[in-house]
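Dear colleague,

I am handing over the structure below, together with an account of what was found in it. Please read the notes with the structure open beside them.

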Amino acid sequence: MRSLFTIGLIASWYASNIGVLLLNKFLLSNYGFKYPIFLTLCHMMACSLLSYIAVEWLKIAPMQRVKSRLQMMKISALGFIFCLSVVGGNISLRYLPVSFNQAVGATTPFFTAVFAVVMTSKREGWITYVTLVPVVAGVIIASGGEPLFHLFGFMMCIGATAARALKSVLQGLLLSSEGEKLNSMNLLMYMAPVAVMALFPAALYMEKGVVGITIALARDDWKFLIYLLFNSALAYFVNLANFLVTKHTSPLTLQVLGNAKGAVAVVISILIFKNPVSITGMLGYSLTVAGVILYTEAKKRSM
């Protein structure tokens, strides 16, 4: 029975992760809703509400209170970087196919290693750094072979990937003491409202008339409202699934699943959106994934 529950969790993790990615791409590119900042705002509002319900009412994770103004400032800094990473990823999906987006996103270990050295002076064994060579080389090859390459979209995707890595390193630095550590559900509950406060004025200023356009689209096509609400809820369930899979398996299992998730998302997105792919691009992506797997193994052995 326990194994069936674990399999169900893993299936839910895959479905939510890949589902939110594909729905983001559908809304931003195929449907024509060209407002990635507002879409991210919807995601963060859903995360704010649903994470509070999950922690305070459903008791999925024990409630952890913020104990000082300094701790809240640290959480706010993480929330702002978290917000930038999600916005950058959504903007990139307007211009890049999911397959290439995932290839660039797979370079997160490279940026994590760079930030760890720069910010903490923490150095890994030389083998760990060697495994990052194919990670970067694969993206360079994939970029050269991508038929739908878009420079701005590529820069946004790189920025989002770097921000994701920066958040993970900063989290270890800022919330390092036992009294300040928060589980992922509580951290999301505090970070998401910070992101909402940053995104709301940004959406109003940078995406003029987006609220009126969204209301008009919802009135004209009720399916759009369903897509938007479901997509926003799914953005929260990605985080919930991450938490539950880690709780009932291990962080290493989540890493392994993450390595495979990118490849599965690429295949499904190509089948759905039918974006052109080149042999060079797929070879580059395969090289990056192989590098990430080797990096994970090297890190595991160095522990």
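A residue is called buried here when its relative accessible area is under 20%, exposed when that value is over 50%, and partly exposed in between. Ala113, with a relative accessible area of 9%, is therefore buried. Please keep in mind throughout that this is a predicted model, and that every value below was computed from it.

Overall fold

The secondary structure of the chain consists of 13 helices and zero strands, so that, read from the N terminus, the order of elements is α-α-α-α-α-α-α-α-α-α-α-α-α. The radius of gyration is 19 Å, close to the 19 Å that the globule rule gives for 303 residues, and the chain is therefore as compact as a globular protein of that length. Along the principal axes, the C-alpha atoms fill a box of roughly 55 × 50 × 45 Å. Of the 303 residues, 47% are buried, and among the contacts with a separation of 6 or more, 85% are accounted for by residues 24 or more positions apart.

The accessible surface of the chain comes to about 14,900 Å², and 71% of it belongs to carbon and sulfur atoms. As for charge, there are 23 positive and 9 negative side chains, with the centres of the two sets lying 3 Å apart.

In soluble globular proteins, nonpolar side chains tend to be buried together. In this model the largest nonpolar core has 56 residues, of which Phe33, Phe38, Met185, Leu187, Leu199 and Tyr236 touch the most other members. At least two residues of this core are supplied by each of helix H1 (2–30), helix H2 (36–57), helix H3 (69–95), helix H8 (151–174), helix H9 (184–206), helix H11 (222–248) and helix H12 (251–273). The largest share, eleven residues, comes from H9.

Ser232 lies in helix H11 and, with a relative accessible area of 6%, is buried. Neighbours within four places in sequence left aside, Ser232 is in contact with Cys42, His43 and Ala46.

Ala113, the buried residue with which these notes began, lies in helix H5. Not counting residues up to four places away in sequence, Ala113 touches Tyr129 and Leu132. Ala113 and Ala162 are 49 residues apart along the chain, and their C-alpha atoms are separated by 11 Å.

Residues in loops

Most residues other than glycine have a negative phi. Two residues in this model are worth checking against that background. Lys59, in the loop between H2 and H3, has a positive phi near 55° although it is not a glycine, and at 57% relative accessibility Lys59 counts as exposed. Ser121, in the loop between helix H5 (108–120) and helix H6 (126–130), is likewise a residue other than glycine with a positive phi, of about 60°, and its relative accessibility of 55% makes it exposed.

Lys122 is placed in the loop between H5 and H6 and, at 47% relative accessibility, counts as partly exposed. Residues up to four places away in sequence not counted, Lys122 touches Ala116, Val117, Tyr129 and Lys299. Lys122 and Leu228, by contrast, are 106 residues apart in sequence and 42 Å apart in space, C-alpha to C-alpha.

Phe149 lies in the loop between helix H7 (132–144) and H8, and at 36% relative accessibility it counts as partly exposed. With which residues is Phe149 in contact, once its neighbours within four places in sequence are left aside? They are Phe100, Ser143 and Phe154. Phe149 and Phe100 are 49 residues apart in sequence, while their C-alpha atoms are 8.3 Å apart in space.

With best wishes

Technical notes. Residues are numbered from 1 along each chain as its sequence is written. This is a predicted model: local features need pLDDT of at least 70, side-chain atom pairs count only at pLDDT 80 or more; totals for chains, interfaces and linings use all residues. Side-chain values use heavy atoms; hydrogens and water are left out. A nonpolar core is a set of buried Ala, Val, Leu, Ile, Met, Phe, Trp, Tyr and Cys residues joined through side-chain atoms within 4.5 Å. Buried means under 20% relative accessible area, exposed over 50%, partly exposed in between (1.4 Å probe, protein chains only). Helices (H or I, at least four residues) and strands (E, at least two) are DSSP runs, numbered from the N terminus. The radius of gyration is taken over C-alpha atoms; the globule rule is 2.2 Å times the number of residues to the power 0.38. Contact means heavy atoms within 4.5 Å. Accessible areas come from the Shrake-Rupley method with a 1.4 Å probe; for residues, only the protein chains shown count as cover. Lys and Arg count as positive and Asp and Glu as negative; His and the chain ends are not counted. The place of a charge is taken as NZ of Lys, CZ of Arg, CG of Asp or CD of Glu.
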